[in-house]
Amino acid sequence: MAEYSKKIGIIGGGISGVAAAKQLSKHEPVVFEATDSLGGVWRHCSYRSTKLQTPRCDYEFSDFPWEQRDNSSFPYSGEILDYLYSYAEHFDVLKFVKFNTKAVEIRFKGDWDSKSDEYGSPLPGKPVWEVGVQTNNSQTIQWYAFEFLVICTGKYGDIPMIPKFPQNKGPQVFQGKVLHTLDYCKLNEEESTELLKDKKVVIFGYKKSAIDLAVECAEANQGPQGKPCTMVARTLHWTVPHYSIWGLPFYMFYSTRASQFLHERPNQGFLRCLLCHLMSPLRRAASKMIESYLTWKLPLEKYGLKPEHPFEEDYASCQMAILPENFFAEADKGNIHFKRASKWWFWEGGVEFDDGTKLDADVVVLATGFDGKKKLKTIIPEPFRCLLEFPSGMMPLYRGTINPLIPNMAFVGYVESVSNLHTAEIRCKWLSRLVDDQFKLPSVEKMLEETTKEMEIMKKTTRFFKRSCISTFSINHSDEICEEMGWTSWRKNNWLAEAFSPYNSQDYKDKK
């Protein structure tokens, strides 16, 4: 039996959880945050050198712009946390947050048979979900009942993705130290420097966390006893030094209506499909233009780091990384080495590869990502757990928020874009109006049809489609959300700006 009952419950106090709490504040939601701080990955999965991947003005709440709206630099993780706390304090969101309170179990208490509407969702007004929480590591579980539950735990952090190794060739045979980036993030500056300094470090991975860690490793090994670190990459991805391509602003290629008109999107009709097909050479040319600049600007071929797939595929899967300024400078000095390998395992003195070569190592760091699916499945109960990725192997999220097969529950922060903050905020605005009955959801069949169309677009655009990224049709996605809320979808003041100016959160500040 639940001890407390509220209309709205929110699990997670990161960017998405704070956005949800603010937009749903009239209902006085309860926010369960497992740690002692807001921030999510910015607080618990960031290094001291971690910076924002997008320009500052593309990462702000619509009603709370940065004090210094300067796009010439990328703020550090500490600045992001300060901004998030300022936002939470300004809108009095902190009063809803229960810190050090971890959701350990969720139970469904609704009755589809006797209390459902015409679409199969339980009617509001009675508790549908019960959430069991443990506070301050207590073994006692307290239960809360909610009519609607918002999951904002995200895809990153908490549960590391650990590679599988052949028998007797795992970390247990290695005489050095093995850790995941999640463990590294918990170290303070002194501890992280001590771990890396004058050590032979091998880093597995070639995404943002691996790249930032390689630079920190190189900086810790500047002395006469310093050792180079080695990055081992299985799949290469395009990296970008800044948001300018041959002197043109990067947003011209993907972040305007005109540029996204070249890309397929859901519900586009026969004529639009035909135009996309006819204009596909322009789309490929834009990708080639960016690739030519990056190949010219960066020593990708020198170090064997030029990806074989088009740039567009990394952008369409939200995997484009911004390089630290001194990354290749450290490589040129010999402080960062690179190796390609698809299979590897441990031996007592380091790591061995499928080509027969070995690397000596003192420290091995796994920048191998996180298991977001497992994190969700640990708290979502059956029978809904098996429906999380039904029927396609990807989570079907209508408007990036509602799983049509799970009643009275929303997921925020699971569909990615170039600006995840904007993506989260506009979906929370949509969600608040849904909860207030300002519009109704389509039927389950219609919602599944819509999510299937989006997944098909992702599959056509990139081989990395399972990341659920909408970056090549993000404006259209926001248009559909605006239309359901009763807003005007075209948000600019004139047609010229509408076609060629980039869209960001400021365009969705007020109802128009």
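Residues are classed as buried under 20% relative accessible area, as exposed over 50% and as partly exposed in between, with a 1.4 Å probe and protein chains only. The structure is a predicted model, in which local features need pLDDT of at least 70 and side-chain atom pairs count only at pLDDT 80 or more, while totals for chains, interfaces and linings use all residues. Residues are numbered from 1 along each chain as its sequence is written, and side-chain values use heavy atoms, with hydrogens and water left out.

The protein chain contains 17 helices and 19 strands; helices (H or I, at least four residues) and strands (E, at least two) are DSSP runs numbered from the N terminus. The radius of gyration of the protein chain is 24 Å, close to the 24 Å that the globule rule gives for 512 residues, so the chain is as compact as a globular protein of that length. The radius is taken over C-alpha atoms, and the globule rule is 2.2 Å times the number of residues to the power 0.38. Along its principal axes, the C-alpha trace of the protein chain spans about 70 × 60 × 45 Å.

Of the 512 residues of the protein chain, 54% count as buried. The accessible surface of the protein chain amounts to about 23000 Å², and 51% of this belongs to carbon and sulfur atoms; accessible areas come from the Shrake-Rupley method with a 1.4 Å probe, and for residues only the protein chains shown count as cover. Contacts are defined by heavy atoms within 4.5 Å. Among contacts in the protein chain between residues at least 6 apart in sequence, 70% join residues at least 24 apart.

The charges were considered next. Lys and Arg count as positive and Asp and Glu as negative, whereas His and the chain ends are not counted. Each charge is placed at NZ of Lys, CZ of Arg, CG of Asp or CD of Glu. On this basis, the mean positions of the 64 positive and 65 negative charges of the protein chain are 3 Å apart.

A salt bridge requires a side-chain nitrogen of Lys or Arg within 4 Å of a carboxyl oxygen of Asp or Glu, and by this rule the count comes to 32 salt bridges. One of these joins the side chains of Glu 147 and Lys 7, with an N to O distance of 3.2 Å. Glu 147 lies in strand 6 (residues 142–151) and Lys 7 in strand 1 (residues 4–11), so the pair ties together parts that are 140 residues apart in sequence. Glu 147 counts as buried at 17% relative accessibility, whereas Lys 7 is partly exposed, with a relative accessible area of 24%.

A salt bridge is also formed by Arg 463 and Glu 313, whose closest N and O atoms are 2.8 Å apart. This pair links distant parts of the chain, 150 residues apart: Arg 463 is in the loop between helix 15 (444–461) and helix 16 (474–485), and Glu 313 is in helix 11 (residues 311–316). Arg 463 counts as exposed at 53% relative accessibility, whereas Glu 313 is buried, with a relative accessible area of 11%.

In the salt bridge between Glu 450 and Lys 446, the closest N and O atoms are 3.8 Å apart. Glu 450 and Lys 446 are separated by about one helical turn because they are four residues apart in helix 15. Glu 450 counts as buried at 7% relative accessibility, and Lys 446 as partly exposed at 35%. Elsewhere, salt bridges that share partners join Lys 155, Glu 416 and Arg 467 into one network.

Glu 352, found in strand 16 (residues 350–353), is buried yet has no salt bridge. Leaving aside neighbours within four places in sequence, Glu 352 is in contact with Lys 343, Trp 344, Trp 345, Trp 347, Thr 357 and Lys 358.

Backbone geometry was examined at several loop positions. The peptide bond from Glu 382 to Pro 383 is cis, with omega near 5°, and Pro 383 is placed in the loop between helix 13 (372–377) and strand 19 (409–411). Asp 198, a residue other than glycine, has a positive phi near 60°. Asp 198 lies in the loop between helix 5 (189–196) and strand 8 (201–204) and is partly exposed, with a relative accessible area of 29%. Trp 246 likewise has a positive phi, of about 50°, although it is not a glycine. The loop between strand 11 (244–245) and strand 12 (248–249) holds Trp 246, which is partly exposed at a relative accessible area of 39%.
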